[in-house]
Amino acid sequence: MSPTPPTQIILSTSRANGLVAIPYGEEHRRATSALEEAGFHRIHGGAFAAPLADWPATRQMASALVHRAREHGATITTSPRPYLADFGDDLAAQLPGTWSAQLELYYHPVVQEDLIGPLWDSGDLLQALLHDPVPAAVVLKNGMGTELLLIERPGHSSRYLLGAFATEEYDDNWEEPNAPRSIVLPGDPDLAARAVATSFLPSYSRALHQRRLDTVLRALERIRAEYETLQAIKASGRYSDGVPLADARMIPEMERTFADFAWLSFRDVLEHAPVLLSRCRPAMTPWPQDAAALERLRTAIADSQDTRDEDKALSGVLFSVDGWKQARSRFGVAALPAIETWLADSETFERQARAAVPGGPVALAAPSPRLLTARPAPPAVPRSSAAHR
């Protein structure tokens, strides 16, 4: 991170609060003392303010602040932008749907590092948090699971950066390949909202769709590899390296071990597949015959819900390692019919989920090798029928 003064006061103006000051730096408490001694009062969000209605009084407080800041070793910086909370409120009001905007202040430079873990970004916003001082940000929420982060663009006098946090199901976001790129916003809230609504949010929706799909497919492939190995051992009486089983009574223990492993991965399917299935419209694709398979997958999800609920209910219970393994094995055995259904119809699911990307048919990523070898040909459409679509 680039060096900053250890004690800094950042001034901007607000239509509601007047002259607004943010204390910042490794010794930000000294900046806070200077503001309080100069007569500034703390406002909602943690900043300090002095009203602008009484200009002589404001000049007196500003003069006092200069002297107090000098006494406390604080550097005063005047921002060319309006107070960030005001811009955030204006932006939220212009976005489609209902959004809230909450200002967050990071008095000490290290506090902004807490944003890096949940941030889901592959662009300038992540780089700014890694390398530049970010004294303040606005978190925008739509109440439906989407959370955005807005900051002033470092090194620029009027522009902003906006990106997304990962949804609550994900916590491993560093260098995640599907991460959307943050967007540079103009200083005009109307133009900024238009850019967010028409560019960033559609890109974010497609990226999240792809991330969910990748999560489900990876889970199924992990399960498939172990499932096929277990079935081969049961059929042949030999391990995968050809060595005969010493005792057939080992099979039940192997099945319990598989159930434990499978449940850990199948939880990802139960978590992320429902929203993907809800978007699938087989009748609007070249494969309308997929509807029956999708209904089997939905039924399998529903049949596993009680098991999933029990798993969640036990998440806060203290168990030994063996206790958790036994519980997961029980869950995996209960969900085995659903797991087998998902393994059998996974190519259909992938085909339909790729066709259901938000915003229209966009090639999200390369299909899995299984889909490439199993993709059925689209049904033939007479030229006369196609001409009337």
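A strand is here a DSSP run of E with at least two residues, numbered from the N terminus. The exercises below concern a predicted model.

**Exercise 1.** Determine how strand β1 pairs with β2 and with β5.

*Solution.* 
Step 1. Take β1 (residues 8-14) and β2 (residues 18-24), whose pairing is antiparallel and comprises seven bridges.
Step 2. Turn to β5 (residues 75-82), which runs parallel to β1 and is joined to β1 by five bridges. Here Q8 is bridged to T75 of β5.

**Exercise 2.** State how many residues of strand β1 are buried.

*Solution.* 
Step 1. Apply the cut-off: a residue is buried if its relative accessible area is under 20%.
Step 2. By this criterion six of the seven residues of β1 are buried, and the strand is mostly covered.

**Exercise 3.** Describe the largest pocket and identify the strand that gives the most to its lining.

*Solution.* 
Step 1. The volume of the largest pocket is about 550 Å³. Its lining consists of 28 residues, of which I10, R81, P133, P135 and E152 are the closest to the centre.
Step 2. Sort the lining by class: 16 residues are nonpolar, eight are polar and four are charged.
Step 3. List the strands that each supply at least two lining residues: β1, β2, β5, β6 (100-105) and β9 (147-152).
Step 4. Among the contributors, β5 gives the most, with six residues.

Key. Residues are numbered from 1 along each chain as its sequence is written. This is a predicted model: local features need pLDDT of at least 70, side-chain atom pairs count only at pLDDT 80 or more; totals for chains, interfaces and linings use all residues. Side-chain values use heavy atoms; hydrogens and water are left out. Buried means under 20% relative accessible area, exposed over 50%, partly exposed in between (1.4 Å probe, protein chains only). Helices (H or I, at least four residues) and strands (E, at least two) are DSSP runs, numbered from the N terminus. Two strands pair if DSSP finds at least two bridges between them. On a 1 Å grid over the protein atoms alone, a cavity is a set of points where a 1.4 Å probe fits but cannot get out, and a pocket is an open set with protein on both sides within 12 Å along at least five of seven lines; lining residues have an atom within 4 Å of a point. Grid points are joined across faces, edges and corners, and a volume is the space filled by probe spheres set on the points. Ala, Val, Leu, Ile, Met, Phe, Trp, Tyr, Cys and Pro count as nonpolar, Asp, Glu, Lys and Arg as charged, and the others, Gly among them, as polar.
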